[in-house]
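This report describes one protein model, from overall fold to single residues. Please keep the sequence and the coordinates at hand while reading.

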Amino acid sequence: MTTVARLVLGGVLIAAGALKIGNPSDSVLAVKAYQLLPEAVAVGAGHALPIVEIVVGALLVVGLLTRVAAVIAALLMLAFVFGIGWAWANGLRIDCGCFGGGGQLGAGQEPAYLVDILRDFGLALLGAWTVRFPPGRFALDGALGLGGDSADDDLENL
């Protein structure tokens, strides 16, 4: 189960980061749209977020420093849940920018806050699962002796 959890969470993070990294100005625009951070911090976060997502996602997929990566991933997801909830509670009409794009919605577009929150909360739970249990099959942590992994551990977690 842990193998599936880290692969799903890592794959989603890699996809999200890859869709943003080619257009950092959209990522910055998406972060600014939440109106949560001061301008300079929002710009820095917008530029850094795709890189962090890709690095953390890659660590999860290969199973290297798995628990650290899972903690960061779960915290990212909880931050996204908070941000989307903030936007919803404050009546903002924005695209979450989760997979590129972002910013104000156009005329006739409606936000999908509930779906976004449920998805990100589910991903946070996968991160918590990955932190709690051994990294599972095919993890480099086990091969390098960094985190104790074996197929037996993974089978016990089913």
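Is Lys20 buried or exposed? The model, which is predicted, gives a relative accessible area of 4% for Lys20. A residue counts as buried under 20%, so Lys20 is buried.

## Surroundings of Lys20

Lys20 is part of helix α1, which covers residues 2–21. Leaving aside residues up to four places away in sequence, Lys20 touches Ser27, Leu49, Pro50, Glu53, Gly97, Cys98, Phe99 and Gly100. Two of these partners, Ser27 and Pro50, return below in the contact of α2 with α3.

## Overall fold

The protein has seven helices and two strands. Along the sequence the elements follow the pattern α-α-α-α-β-β-α-α-α.

A compact globule of 158 residues would have a radius of gyration near 15 Å, and the 17 Å of the protein agrees with that. Taken along the principal axes, the C-alpha atoms fill a box of roughly 55 × 25 × 25 Å. Of the 158 residues, 39% are buried. Among contacts with a separation of 6 or more, 70% link residues 24 or more positions apart.

Helix α4 spans residues 66–89; its axis and that of α1 come within 11 Å and cross at roughly 60 degrees. At that angle α1 is oblique to α4, and the crossing is left-handed. On the α1 side the contact is made by Arg6, Leu9 and Leu13, and on the α4 side by Thr66, Ala73, Leu76 and Met77. By class, these residues are five nonpolar, one polar and one charged.

The axes of α1 and α5 come within 9 Å and cross at roughly 135 degrees. Angles over 145 degrees count as roughly antiparallel and 65 to 115 as roughly perpendicular, so α1 is oblique to α5. This crossing, too, is left-handed. From α1, the residues Thr2, Ala5, Arg6, Val8, Leu9 and Val12 meet Leu123, Leu126, Gly127, Trp129 and Thr130 of α5. The contact of α1 with α5 has seven nonpolar, three polar and one charged residues. Arg6 and Leu9 of α1 take part in the contact with α5 and also in the contact with α4.

Ala70 lies in helix α4 and has a relative accessibility of 0%, so the residue counts as buried. The C-alpha atom of Ala70 is separated by 8.5 Å from that of Leu9, although the two residues are 61 apart along the chain. Leu9 belongs to the α1 side of the contact with α4.

## Helices α2 and α3

Helix α2 runs over residues 24–33 and helix α3 over residues 39–62. The two pack at an angle of about 130 degrees, with their axes 8 Å apart, and are therefore oblique to each other. Which way is the crossing of α2 and α3, right-handed or left-handed? α2 passes α3 in a right-handed crossing.

Pro24, Ser27, Val28, Val31 and Lys32 of α2 make this contact with Glu39, Ala42, Val43, Ala45, Gly46, His47 and Pro50 of α3. Sorted by class, the residues are seven nonpolar, three polar and two charged. From this set, Ser27 and Pro50 are also touched by Lys20.

## Positive phi in two loops

Gln35 is not a glycine, yet has a positive phi of about 55 degrees. The residue sits in the loop between α2 and α3.

Phe138 is found in the loop between α5, residues 113–132, and α6, residues 140–144. With a relative accessible area of 74%, Phe138 is exposed.

Terms used
Residues numbered from 1 in each chain as written. Predicted model: local features only at pLDDT ≥ 70, side-chain atom pairs only at ≥ 80, totals over all residues. Heavy atoms only, no water. Axes fitted to C-alpha atoms, helices over the stretch in contact; angles between N-to-C directions. Helix = DSSP H or I, 4+ residues; strand = E, 2+ residues; numbered from the N terminus. Parallel < 35°, antiparallel > 145°, perpendicular 65-115°, else oblique. Left-handed = near helix turned anticlockwise from the far one by under 90°. Contact = heavy atoms within 4.5 Å. Nonpolar A, V, L, I, M, F, W, Y, C, P; charged D, E, K, R; others polar. Buried < 20%, exposed > 50% of the residue type's maximum accessible area, 1.4 Å probe, protein only. Rg over C-alpha atoms; globule rule 2.2 N^0.38 Å.
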